[in-house]
Amino acid sequence: MKPALAKSYLFLQGPHGPFFWQLAKMVRSAGASVTKIGFNAGDRFFWREKRSYTRFSGTLAEWPETCAAILTEHAITDIVLYGDAREIHAQAIKIAKARGITVHVFEEGYLRPYWITYERDGANGHSKLMDLSVAHMEAALSSGAADVPRPPAEWGDMHAHIFYGAVYHWFVWFWNRAYPGFQPHRALTVRQEFLLYLRRLLYLPVHVVERRLATSRIRRGGYPYHLVLLQLSHDANFLAHSTFDTIEDFVHLALEGFAEGAPAHHHLVFKAHPLENGAKPLRRIIRQHAERLGITHRVHYVRGGKLARLLTDTRSAVTVNSTAAQQVLWRGLPLKAFGQAVYRKSAFVSDQTLPAFFRAPERPDQQAYEIYRKFLLASSQLSGGYYSAKGRKQVLRQVVDMMLSPQDPYDAAQGTTAALQQQLRLVKD
């Protein structure tokens, strides 16, 4: 029998649903010990074991001291979390880095919807990708050794995502007495979150019909159009890695830039996030500002859904830092981004002013983007998803070995290539 790994993993908050519990079981089966900190009843419900679960019922101000004590008590070597921007995670990461503890960060896929993201130390604006140039990525891929996975034929996470979100917030709303100090990391109350998730579930059929009709009208309209990719108003990536305080500020900027720069026969389409919950009246906000600018007849709103149909005919796309922008670049379409994003490289994201972009958008360097995309697929992007059973199995087959590796995904991708090149030089010599 192989000796147990001298590793002790601390799991903080994960995606809604059973993914973190299933991941922890597999990490434990590899020989590591596992501890889970729960911050509310939703965390407890999806962690199917009592002995490895520790309840944190204090306030946010008490968390750093408690976190430090837990790291010492359990001799933690690794922390696992989903999203690095929420305050409890940001504080834990700061303490962990000071102690030399490895931080495993999960996020939604940078190349979603068919992949999830696994990184070390930080994601989005804190990712190591921010400091990696396309030339660096090309050098790392120069051996041709990278095995780039193909996406699955179908993706079924959205309904499961909404369902697990509703279940999670139901437990937080009705069974949270044991967690008096709990504070949501979003501005909405738990009751509001639950009711919005429930409303989305109930209205899904209606929204699907409405979305298809709106998309069909735009595609049959016969006019050139530009897309604005909206994000959730509580999106941690939007709030932590952009200069906008609210999504309304971005909406106003996009409308004003379009009114000033776009040719008079062009239209503007606002595409809502697939999980947009209606907490903000986006349709009304867009319509009212468009009326003030005198362009109402040229502005459209599409509620959620898949992006591909609208991308087929669009001239360009504008976003803050939505990961949906990767689909825009994959198709070689012009893109303007306003926030920090892992894809915001000068080779393929426009630096034009917004009016100039709407007037004559510049296309990205497609070859550079293909290098970038291939590097991501060879490193931090794992096929699968967090919410469907099939998607979780796909991720679990790949990610545990990566978590046990001493190298992070980007160093591993570059190191493998460097090692192969060194071997080739030795053979030639």
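# Briefing on cavities, a surface patch and salt bridges

Leu195 is partly exposed, at a relative accessible area of 34%, where buried means under 20% relative accessible area, exposed over 50%, and partly exposed in between (1.4 Å probe, protein chains only). The model is predicted, so local features need pLDDT of at least 70 and side-chain atom pairs count only at pLDDT 80 or more, while totals for chains, interfaces and linings use all residues. Residues are numbered from 1 along each chain as its sequence is written, and side-chain values use heavy atoms, with hydrogens and water left out.

**Nonpolar surface patch**

- Leu195 is found in helix H7; helices (H or I, at least four residues) and strands (E, at least two) are DSSP runs, numbered from the N terminus.
- Together with Trp170, Trp173, Phe174, Trp175 and Leu198, Leu195 forms a nonpolar patch on the surface, with about 570 Å² of accessible area in total.
- Patches are made of residues with over 30% relative accessible area and no salt bridge; like charges are joined within 9 Å, and nonpolar side chains (Val, Leu, Ile, Met, Phe, Trp, Tyr) within 5 Å.
- Accessible areas come from the Shrake-Rupley method with a 1.4 Å probe, and for residues only the protein chains shown count as cover.
- Helix H6 (158–174) and helix H7 (190–219) each supply at least two residues of the patch, and H6 gives the largest share, with three residues.

**Cavities**

- The structure holds two cavities of 30 Å³ or more; on a 1 Å grid over the protein atoms alone, a cavity is a set of points where a 1.4 Å probe fits but cannot get out, and lining residues have an atom within 4 Å of a point.
- The largest cavity contains about 100 Å³ of space, a volume being the space filled by probe spheres set on the grid points, which are joined across faces, edges and corners.
- Among the residues that line the largest cavity are Leu12, Phe20, Trp21, Lys36, Asp43, Phe46, Trp47 and Tyr168.
- Helix H1 (19–29) and helix H2 (41–45) each contribute at least two residues to the lining of the largest cavity.
- By class, the lining of the largest cavity has seven nonpolar, three polar and two charged residues; Ala, Val, Leu, Ile, Met, Phe, Trp, Tyr, Cys and Pro count as nonpolar, Asp, Glu, Lys and Arg as charged, and the others, Gly among them, as polar.
- The second largest cavity has a volume of about 30 Å³, and its lining consists of Asn124, Asn237, Asn321, Thr323, Gln340, Ala341, Val342 and Tyr343.

**Salt bridges**

- The count comes to six salt bridges, each defined as a side-chain nitrogen of Lys or Arg within 4 Å of a carboxyl oxygen of Asp or Glu.
- Lys7 and Asp78 form a salt bridge at 3.3 Å, N to O.
- This pair links distant parts of the chain, with Lys7 in the segment before strand E1 (8–11) and Asp78 in strand E4 (residues 78–82), 71 residues apart.
- Lys7 is partly exposed at 23% relative accessible area, whereas Asp78 is buried at 0%.
- Lys128 and Asp408 form a salt bridge at 2.5 Å, N to O.
- This pair also links distant parts of the chain: Lys128 is in the loop between strand E6 (115–120) and helix H5 (134–140), and Asp408 is in the loop between helix H15 (389–404) and helix H16 (409–428), 280 residues apart.
- Lys128 is partly exposed at 34% relative accessible area, and Asp408 is buried at 3%.
- Glu49 and Arg51 meet in a salt bridge at 3.3 Å, N to O, and Arg28, Glu49 and Arg51 are linked in a network of salt bridges.
- Glu49 is buried, with 14% relative accessible area, while Arg51 is exposed at 69%.

**Backbone geometry**

- The peptide bond from Arg112 to Pro113 is cis, with omega near 15°, and Pro113 lies in the loop between strand E5 (102–108) and E6.
- Ala75, which is not a glycine, has a positive phi of about 50°; Ala75 lies in the loop between H3 and E4 and is exposed at 52% relative accessibility.
- Asp121 also has a positive phi, near 75°; Asp121 is in the loop between E6 and H5 and is partly exposed at 27% relative accessibility.

Key:
On a 1 Å grid over the protein atoms alone, a cavity is a set of points where a 1.4 Å probe fits but cannot get out, and a pocket is an open set with protein on both sides within 12 Å along at least five of seven lines; lining residues have an atom within 4 Å of a point.
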